[in-house]
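Open the model in your viewer and keep the selection tool at hand.

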Amino acid sequence: MYITLSISGHGHHPAAWRKSTLPLNVGGIPRYDGVVRVAEAATLDAVIFTPPRFDKSLLANGITDVLQLDNLSVIGSLAAVTNSIGLGASSPIRYNEPFNIARSFSALDNLTAGRSCWLIDLEGHSWTPADFGHASNLSIDDHYCRAEEFLIVVRKLWDSWEDGAVLADKLNGMFADSGKIHPINYAGNFFSVRGPLVAVRPPQGHPPIFMDDMSSAGKRLAASYGDVLIAPCGDRAQAISLTNEMRAASKAASRGGAALKILMMLCPILAKDERSAKNRADDLDQSSDQDAVRSMPPRFVGTPAGLVSHMSEWVDAGACDGFNLAFPVLSEDVSVLVQDVVPKLKQAGLFRAEYPGSTMREHLGLRRPTSQFSKEVA
Amino acid sequence: MKKKMRLGMFIYPGGHHFAGWRHKTTPASRLSSLDFYVNVARLAERGKFDLLFIGDQLNAREKNGRFFGRQTSSNLDPISLLSALSAVTNNIGLVATLSTTYNEPYAIANKFATLDHLSNGRAGWNIVTTMDDRAALNFSRSAAMEKTDRYIRGREFVDVCTSLWDSWGDDALKRDDGKSRFCDTSLIAPIRHRGESFNVEGPLRLPRPVQGWPVLVQAGGSPQGIEFAALVAEVIFTAQTDIDPARTFRNTIHEKLARYGRRPEDLAIMPGLSPLIGSTEAEVFRLEEELSDLLHPELAMWTVSHLFQFPLDQYGPDEKLPYEEIRKAKKMQSAAEAVLSNSQRQQLTIAQTAREIARSRTHGNFAGTPDQFVAHVENWMSEGACDGFNIMPPYFPSQMEVFVDQVVPLLQKKHILREEYDGRTLRDNLGFARPARNHFKKLLSKGGLSEAIEGRAGAA
């Protein structure tokens, strides 16, 4: 199975900051290098940074951690202090330009030698529309049409430098092969972008694309363009049905046989026995704004051993390919994950013991896409 | 005590000389890799540089509509790169160039606040507007915005960003579990900006940056650019090749500062300077020849044509430039006009002009021994021509190693350059005050860019 660690603030529970904070920087924001290195030692596939799901209006009550760092910069800051683990960032397409996103991820994928991935924030958790009040409002339909164009443009820009375009031929004074660098000349309803990108192709070709929008339009985009879908199913039967539906949809979208992977978003609230786990969940909830608690992902409340059984049963039942674990209190829970959960999964042969390669695509068994422009050379 | 010289390290893939990437010591195939930049950043910190600086480019270089491959082009996104370098450095400033033309102020305020927090107070923002029509084509526009409009948008953009950074009071983040108080909401307020280009409600979802605001940097030399600089800039990067015009430029800026109640010591003017350093004059001569020989004739012609935005296919390398036709064809950036005038004054051929431009585009060049370099910069400093330099090594990393190992100790011995960092933040190291909340509104109320705006109204 695949395991990624979802990171938001001090943890996915709104009371996380009250229980145990991560080490802090001078200005009071959490430092993530320690937990990410712990996750790397446990050979997790990736850490995925997401914006808080807590509405910005909760800032007004003063008890909810609604801080929102720029996730692209956060994974950038981890590039030099990790070696193997995938580094994912949620980033919105709303109020942004495909050229900017393509360039940022090209840079991050190059700086991490192929370990970046993009969780597309389609639903707009990252931004509050009032902070972009001058921008035009799109209907829901137009929003998804624009999103599809955005993705098409970003992928073309990543492909605009073919593999091998950089020659660095000192003898002949030729840095790059202009025959392998293409304008994209995209003209659609929402974007017109000439290209090429100003940066070399990402080592992974395209950084893996994660999506988590469960609307029908969101699922359609995931089937056509996604590498991984993160789904929040609280119920196993529902998860099996969704996974079957999405596997079929991605096959039907004729994407060259590369099937969409499904990870379940799960918030495990763990303790040494069932009763303590239940008490822990209650205690956390009572320390929080209730609107914020309601926006949390589906939970598993129980013991580490119970979580191991839960995860293996779901994967065995075909409910998912793995999990995106959204722990309530990151600094406390990550050590439980690596000491009491991951080793048991490894012993049972349910999770690999070593990284299979060096890029995130290799970790996830995803094929590296060839540039859509590479045929044009002939 | 002598005034300390400010030093920036201007990072460019391969080197600032157009053929620098071909030098035998340059890792030309590693220019998109982290290790190349980590090495440069650590060297600069060892040399006690104030800051690392990364430029920006939003369109690929072309020749006759096709990508032009004789120059390096691994333009890594500046903020992504500097966030990575924040983890491997402790004291050096991290200055990213970012355009106000094709971005959203809320997103950019969030990015720079993040970089400042990640680096514990070392972020700087080189505020630019994007003038190139070919960049517009990458952002669903058919042409660039008109210049004054770009600056007016830029002014409002900076107004929104500073307001967002100020939307949290300095002590608003509490994390007081006993009082159930994550933050003190009485110190956090929306900005409710309603302007010509932007409507932004705020507040930001981050505490005020460690430095209050990142250090604000500006680099335009036009009348609008100079007005903008007097309003916002704490560091100015400028292309100056001679002492007299550099001093005039600095005096002009200093005069304009008064309008805003700003003092000359609130600002550092740092011209670009590309030093080619050798241990003897004979070695320097050899290095210069070596670099010039690496400049491919096609790249040489392109270099000139590109800077002046003028096709030169009809001309040979040993001919003179068609100066008047070039001036008639297109309005040039101030720095390019200076290069053109210099070429005309010295009666240079196209090939000779190309050699000049290839050294450092429109910036200053120096070639000599470490002692000669120290004398050169001491002269600029004592003549009041600048507050320091943005150093542009012709090729990385070996010319940078020479600079750090041979030039820096001499500068320190003469007490021109610090021996240790003075503080932890970029502001500390540059000796700049932390801005008070809503300081930018006060500056704006004194008439930022008003001359340029009147100029626009007059032209209409």
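A residue is called buried if 20 or more other C-beta atoms lie within 10 Å of its own, exposed if 12 or fewer, and partly exposed in between, with C-beta atoms placed from the backbone. Helices (H or I, at least four residues) and strands (E, at least two) are DSSP runs, numbered from the N terminus. This is a predicted model, where local features need pLDDT of at least 70, side-chain atom pairs count only at pLDDT 80 or more, and totals for chains, interfaces and linings use all residues. Residues are numbered from 1 along each chain as its sequence is written, and chains are lettered from A and ligands numbered from 1 in the order in which they are written.

Select residues 243–258 of chain B, which form helix α7. Now pick out its buried residues: B:Ala246, B:Phe249, B:Arg250 and B:Ile253. Look down the axis of α7(B): these buried residues line one face of the helix, because they fall within an arc of 95° (the arc of the directions from the helix axis to the C-beta atoms). On the face turned away from them, select the exposed residues B:Asp244, B:Pro245, B:Glu255 and B:Ala258.

Next, show α6 (223–232), β12 (235–238) and β13 (268–277) of chain B, against which the buried residues of α7(B) pack. Two residues are in contact if their C-beta atoms, placed from the backbone, lie within 7 Å.

Finally, show both chains. Their contact takes 61 residues from chain A and 71 residues from chain B. Select α4(A), which gives the largest share of chain A's side, seven residues.

Terms used. Expected span 1.5 Å × (residues − 1).
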